[in-house]
Amino acid sequence: MRLVTGFAVLMLTAWGLLALWHQMLQPAFRMITLVLWAAAGLSMVVASTGLPSRKSRNLTAMAFASAVALLAVWWNTLKPSHHRLWADDVTQLLEARVDGDYVQLKNVRNFEWRSETDYTPRWESRTYDLARLRSADLLLSYWMGPHIAHALVSFGFDDGEQVVFSLEIRKERHESFSAVGGFFRQFEQILVAADEGDIVRTRSNARGEQVYLYRLQMSQVKVRALFLEYVDVANELRRSPRFYNTLTSNCTTIVFELARLISPALPVDYRLMLSGYFAEYVYDLHGLVPDYSYAELQALGYINERALASDTSAANFSTSIRQGVPGVPANEVYP
């Protein structure tokens, strides 16, 4: 029992240290808080061994309980907000209005990226006719090995237009992405709607991430339903800010949650957490083009060479990256 108690206290102490580290911005105050919390936690671990006197153990337990209570009160004061000094690429919240078949999106991002830090901001209002919605593509962008990827969904219309939805961290100007910070309310979340020449090209061409594209096998009814679910999420986020969570509310889980609204029987799978394998999960559910192995779809869906070539040839980015991708009809690639 003492071993279990000691381990639980140790885990709680570690959690508190990480939470304080990621939330306390003022260095001196952060250091003092970390030292006090660590001292309370480690004293409790020692007390749980039973070696100190009963009086000492009781005092230590009271001190640790007080520290935990203070930590819990402080943690519950952390609220998500729309009102911070945001980084340029997540400044504007997506706003959507549906009128029959027409969806008007305000604040569609269409930046011109010359490098990660050199860009021309551009936010646009666009109207989409859902009667012309034809396809949905899953994109996975790898930047830290094969296990973790960023998932995006691109919707295609019969006039060649594409719009991509991507759930991302809404980082402030002084922040950078941290997967660990995503566990500790460091970031709010934002649903970005963007032109492929922005949100995909910046990953493949400016950042050098490895990007794969897969045509999803969905009926027109389900493609439309998925699009409208994203629209609902955008408006809900606009009304009520939420924290991003690396484990439970991220770019992959939102795709799964929205797809599950359409097909409730979708199973939970470890590949929802290890997002680098998300396309393989979709493949196993028969959600990708049939008559190909997953390895073949992955190889043919690798877009980087075609994306880079489009910069020099001035070819249309969206049609270029789809050349040779299984399931994409010829008139879509060569209109």
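**Group meeting: helix pairs, cavities and a pocket**

Let's start in a loop: Ser 249 sits between α6 and α7, where helices (H or I, at least four residues) and strands (E, at least two) are DSSP runs numbered from the N terminus. Before going on, please keep in mind that this is a predicted model, in which local features need pLDDT of at least 70 and side-chain atom pairs count only at pLDDT 80 or more, while totals for chains, interfaces and linings use all residues. Residues are numbered from 1 along each chain as its sequence is written, and side-chain values use heavy atoms, with hydrogens and water left out.

Back to our serine. Which residues does Ser 249 touch, not counting residues up to four places away in sequence? They are Leu 167, Gln 189, Phe 243 and Tyr 244, with contact meaning heavy atoms within 4.5 Å. Gly 182 is 67 residues apart from Ser 249 along the chain, and their C-alpha atoms are separated by 9.5 Å.

Now for the helices on either side of that loop. Two packed helices are described by the angle between their axes and the distance between the axes. Here, axes are lines fitted to C-alpha atoms, for helices over the stretch in contact, and angles run from 0 to 180 degrees between N-to-C directions. Helix α6 covers residues 220–239 and helix α7 covers residues 251–262; their axes cross at roughly 125° and come within 10 Å. That angle makes α6 oblique to α7. On the scale used, angles under 35 degrees count as roughly parallel, over 145 as roughly antiparallel, 65 to 115 as roughly perpendicular and the rest as oblique.

The crossing of α6 and α7 is right-handed: a crossing gets that name if the near helix is turned clockwise from the far one by less than a right angle, and is left-handed if anticlockwise. From α6, the residues that meet α7 are Lys 222, Ala 225, Leu 226, Glu 229, Tyr 230 and Val 233. Across from them, α7 brings Ile 254, Val 255, Leu 258, Ala 259, Leu 261 and Ile 262. By class, that contact has ten nonpolar, no polar and two charged residues. For the classes, Ala, Val, Leu, Ile, Met, Phe, Trp, Tyr, Cys and Pro count as nonpolar, Asp, Glu, Lys and Arg as charged, and the others, Gly among them, as polar.

Helix α1 (residues 2–23) packs on α2 at an angle of about 175°, with the axes 9 Å apart. This makes α1 roughly antiparallel to α2. The contact includes Leu 10, Leu 17 and Trp 21 of α1, and Leu 34, Trp 37 and Val 45 of α2. Its residues divide into twelve nonpolar, five polar and one charged.

Next comes α2 (residues 27–47) with α3 (residues 54–76): their axes are again 9 Å apart, and the angle is about 140°. So α2 is oblique to α3, and this crossing is left-handed. Among the residues in contact are Trp 37, Gly 41 and Met 44 of α2 and Phe 64, Val 68 and Leu 71 of α3. The class count here is nine nonpolar, three polar and one charged.

The search uses a 1 Å grid over the protein atoms alone: a cavity is a set of points where a 1.4 Å probe fits but cannot get out, a pocket is an open set with protein on both sides within 12 Å along at least five of seven lines, and lining residues have an atom within 4 Å of a point. Grid points are joined across faces, edges and corners, and a volume is the space filled by probe spheres set on the points.

How many cavities of 30 Å³ or more does this rule give? The count is two. The largest cavity holds about 40 Å³, and its lining is Leu 93, Leu 94, Ile 190, Leu 191, Ala 234, Leu 237 and Arg 238. Helix α6 returns here, giving the largest share of that lining with three residues. The second largest cavity, of about 30 Å³, draws its largest share, three residues, from strand β10 (residues 210–215).

Last, the largest pocket: about 940 Å³, lined by 37 residues. Trp 143, Ile 169, Phe 177, Arg 203 and Arg 207 lie nearest its centre. Strand β8 gives the most to this lining, with three residues, and the classes come to 18 nonpolar, eight polar and eleven charged.
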